[in-house]
Amino acid sequence: MKIYGFPLSPFVRKVVVAVKEKGLDAELVPSNPGQPDPEFSAVSPFHKIPAFRDGDFTMADSTAIVTYLEAKYPQPALLPASPEARSRAIWFEEVADTVLTPAGAPIVLNRFLRPQIFGTEGDEAAALAADEAIKKPLVYLEDAVSGEWLDGAFSVGDIAVASVIRTLSYTGFELDASAYPQLAAWFERVQQRAGWKAAVEIEKEVFAAAMGR
Ligand SMILES: N[C@@H](CCC(=O)N[C@@H](CS)C(=O)NCC(=O)O)C(=O)O
């Protein structure tokens with residue numbers, strides 16, 4: 001299996017964590033959507049990351065890739081069996097992908113990507129506005145944590161939300177445990193998982209290589 005992308009992307013990390021949670025191995029092929037090479041272009045028609053290859057099968061969307069992994073390697077499950085719990089797991093994945101990620105994007109762009117990767121000045125006003133905007137989904141998630149995980153069993157929803165929070169951490173962002181005690185404790189639990197830790201090791205290696213360290 002090959003995963004194309006760069007693990008700073010929460011979508012890419014979602015797939016890497018899912019692979020490791022399932023005890024599988026995949027090669028992470030660093031791929032830049034802005035400078036697509038032929039191998040990456042062959043698996044990602046719109047040059048989005050992540051893209052994925054398993055033999056002849058290719059896919060270029062994190063949700064579709066995790067759906068494939070779940071169907072092909074059902075254990076350990078990342079989608080619960082009951083219709084209600086499965087729907088809620090995908091709901092949390094969608095909250096991560098379509099609410100939390102866009103809310104946090106100006107923070108990542110202006111406090112990490114621009115100053116540290118692109119070598120340009122960040123727009124701190126935009127980052128400050130995003131600091132406010134992200135509170136709404138964080139408050140929602142704080143109230144949503146039920147028991148150990150976001151909804152009963154550990155699922156792709158937990159992976160997707162935690163993945164966005166890790167991407168934000170590159171900017172110095174930390175979950176404020178006084179404002180979000182349940183969510184901060186939940187994030188600690190996610191970070192203790194073997195699959196998460198294995199994915200973070202891969203991320204560190206790829207990142208260090210890309211930065212020439
Ligand atoms: N729905 C897609 C979103 C993927 C996505 O937007 N990835 C971003 C990186 S975080 C990307 O490839 N951006 C480059 C571009 O849009 O050209 C997924 O879940 O995989």
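Biologist: Which residues make the nonpolar surface patch of about 260 Å²?

Modeller: The patch is made by Ile117, Phe118 and Met211, where a patch joins residues with over 30% relative accessible area and no salt bridge, like charges within 9 Å and nonpolar side chains (Val, Leu, Ile, Met, Phe, Trp, Tyr) within 5 Å. Accessible areas here follow the Shrake-Rupley method with a 1.4 Å probe, and for residues only the protein chains shown count as cover. This is a predicted model, in which local features need pLDDT of at least 70 and side-chain atom pairs pLDDT 80 or more, whereas totals for chains, interfaces and linings use all residues. Residues are numbered from 1 along each chain as its sequence is written, and side-chain values use heavy atoms, with hydrogens and water left out.

Biologist: Where does Met211 lie, and why does Met211 count as partly exposed?

Modeller: Met211 belongs to the segment after helix 9 (194-210), helices (H or I, at least four residues) and strands (E, at least two) being DSSP runs numbered from the N terminus. Its relative accessibility is 33%, so Met211 counts as partly exposed, the class between buried (under 20% relative accessible area) and exposed (over 50%), with a 1.4 Å probe and protein chains only.

Biologist: How many salt bridges does a search of the whole structure find?

Modeller: Side chains of opposite charge can pair when their charged atoms come close. The search finds 13 salt bridges, each a side-chain nitrogen of Lys or Arg within 4 Å of a carboxyl oxygen of Asp or Glu. One of them joins the side chains of Lys22 and Glu70, at 2.8 Å from N to O. Lys22 sits in the loop between helix 1 (10-21) and strand 2 (27-30), and Glu70 in helix 3 (residues 62-72), so this pair ties together parts that are 48 residues apart in sequence. Lys22 counts as buried because its relative accessibility is 7%, and Glu70 counts as buried at 9%.

Biologist: Which side chain meets that of Lys135 in a salt bridge, and which partner does Arg166 have?

Modeller: Lys135 pairs with Glu132 at 2.9 Å, N to O, and Lys135 is partly exposed, with a relative accessible area of 38%. Arg166 forms a salt bridge with Glu203, their closest N and O atoms being 3.0 Å apart. Because Arg166 lies in helix 7 (residues 156-169) and Glu203 in helix 9, this pair ties together parts that are 37 residues apart in sequence. Both Arg166 and Glu203 are buried, and salt bridges that share partners join Arg13, Arg166 and Glu203 into one network.

Biologist: How many residues line the largest pocket, and which lie nearest its centre?

Modeller: Rolling a probe the size of a water molecule over the atoms shows where empty space is left. On a 1 Å grid over the protein atoms alone, a cavity is a set of points where a 1.4 Å probe fits but cannot get out, a pocket is an open set with protein on both sides within 12 Å along at least five of seven lines, and lining residues have an atom within 4 Å of a point. The largest pocket is lined by 32 residues, with Phe6, Leu8, Ser9, Ile49 and Leu113 nearest its centre. Helix 4 gives the largest share of this lining, ten residues.

Biologist: What volume does the largest cavity have?

Modeller: The largest cavity has a volume of about 40 Å³, a volume being the space filled by probe spheres set on grid points joined across faces, edges and corners. Its lining includes Pro80, Phe92, Asp151 and Asp158, and the largest share, three residues, comes from helix 4 (residues 83-118).
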